[in-house]
Amino acid sequence: MSVLIKGGRVVTADEDRVADVYVEDETVTQVGESLDVQADRVIDAAGKYVLPGGVDPHTHLDMPFGGTITVDDVESGQTAAAFGGTTCHVDFIIQPKGSTFAEAFDEWRAKANGKQVIDMGYHMAVTDLHDGGTLEELATLPDQGITSYKLFMAYKGAIMVDDETLFRVMQVAADTGALVMVHAEHGDSIDVLVKQALAKGKTEPKYHALTRPPETEGEATNRAIQLSRVAGCKLYVVHVSCQEAIEPIAIARKKGWDVWGETCTQYFFIDYSFLEKPDFEGAKYVYTPPPRAKENQDRLWEAVTNDVLSVVSTDHCAFLWDGQKSLGKDDFSKIPNGGPGLENRLQMIHEFGVRQGRISLNRMVELLSTNPAKHFGLYPRKGTIAVGSDADIVVFDPDKKVTISASTHHSKCDYNLYEGTEVTGSPEVVLLRGNVLVEGDELVAEPGIGQFVKRARSGEQLTAVGATA
């Protein structure tokens, strides 16, 4: 099948020009002005942006957590992603206690088989090196296309690892070329603060934030950076939420160390006051790290502008407010941590980043597509529009007005973090490897079209080899 996208404004991380894009057999084969070619399908993109499909490196689909399972499985989560212009994501395999890494991988692949709407890869979250996986087995994962290891420095008594485990995994990463990702919070002190709050009868959602002060994130971020320096591995700090965590990353990057950070869409818009909403509505905003004081939002915009932070992800981890979040009605520590967001990343960053003059269109593409593709071994197959790249393309209408709402989104979640927000600009047509996924308000592809992508190591280029159904 061939597709010609005519006359759109093609925007990549480093280019912005009006051009045609020609796609053959799932791959971009020509980009240029007024291409004289025949195609099975012609898409008129005049007046529209033609963007690389989004790459979201931080999602949690069909994930057990806090006594329940995220409400979005692979099919519903990826459908939401597709409507939002995301055509590839990297989900987390959470190693169950007692399981080998191979067993964990098989379990997560079984959740996705036949359900994939977009392409995906995996990170491996290491939780058990005593009764489950071994360091030797962990070292084999990059050759299988799982080229990043995730470690939780919080959630004591559940999935938190100690510093010895963190450091030993960093040493394996240094040897194998894998990228270490950390959830950076000081889990021990948080555990003390949570127990003390509950003992005093402080049970409301706002105490989720008050027991996880920003200093705990800053300390853990700095600790991970220093340990990665000793181990000699590359480090990626996930969901940075506050100035206390931005500062050590800025110092490391100024020194030229192999340290990168991401933030998530919600941290630009949701602040601590949302947790104080009455009638348990604050539980909608219980995710980790928690919403911070509002002044951190300007610091985050500055950080993504000056490349202290290199990626905007979603950390999509959706639970029903009525039926799942309510598990913590009388105890904030039992509220499942996480929020929705896969569908609205592009809309929100375009509206409040580009349209309000904070970042350029090129920088938006870099943050949402190109940089995550490069960091996680997907580039140049993903993350750009160039000859030889996968034809993952978003035809984006910059003038389309949308009011974001749970009543119209495609996640199974019963609320939306950005409910009622009006944006101008939204995807019109979304293609995955040249196949039309979304057209207008309709999903036109069938689940199963998505593929598992075996990723290259961070910073290495991914060729056309490496995808399996």
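Colleague: Which residue of β5 is the bridge partner of Val10?

Modeller: In β5, Val50 is the bridge partner of Val10. This is a predicted model, in which local features need pLDDT of at least 70 and side-chain atom pairs count only at pLDDT 80 or more, while totals for chains, interfaces and linings use all residues. Residues are numbered from 1 along each chain as its sequence is written, and side-chain values use heavy atoms, with hydrogens and water left out.

Colleague: In which sense do strands β1 and β5 pair?

Modeller: Two strands pair if DSSP finds at least two bridges between them. Strand β1 (residues 2–11) and strand β5 (residues 49–52) are joined by two bridges in the parallel sense. Strand β5 also has four bridges to strand β16 (residues 393–403), and these two run antiparallel. Here Tyr49 stands opposite Phe396 in β16.

Colleague: How many helices and strands does the chain have?

Modeller: Helices (H or I, at least four residues) and strands (E, at least two) are DSSP runs, numbered from the N terminus. The chain has eleven helices and 21 strands. Its radius of gyration, taken over C-alpha atoms, is 21 Å, close to the 23 Å from the globule rule (2.2 Å times the number of residues to the power 0.38) for 469 residues, so the chain is as compact as a globular protein of that length. The C-alpha trace spans about 70 × 50 × 45 Å along its principal axes.

Colleague: What share of the residues is buried?

Modeller: Buried means under 20% relative accessible area, exposed over 50%, and partly exposed in between (1.4 Å probe, protein chains only). Of the 469 residues in the chain, 62% are buried. In soluble globular proteins, nonpolar side chains tend to be buried together. A nonpolar core is a set of buried Ala, Val, Leu, Ile, Met, Phe, Trp, Tyr and Cys residues joined through side-chain atoms within 4.5 Å. The largest nonpolar core has 123 residues, of which Leu51, Val182, Leu235, Met364 and Leu437 touch the most other members. A second, separate core of 17 residues includes Ala19, Val23, Ile43 and Ile385.

Colleague: Which residues other than glycine have a positive phi, and which peptide bonds are cis?

Modeller: Most residues other than glycine have a negative phi, and most peptide bonds are trans. Asp25, in the loop between β2 (16–24) and β3 (27–32), has a positive phi of about 50°. Asp25 is exposed, with a relative accessible area of 62%. His239, in the loop between β13 and α8, has a phi near 30°, yet at 2% relative accessibility His239 is buried. The bond from Thr288 to Pro289 is cis, with omega near -10°, and Pro289 lies in the loop between β14 and α9. The bond from Tyr379 to Pro380 is also cis, with omega near 5°.
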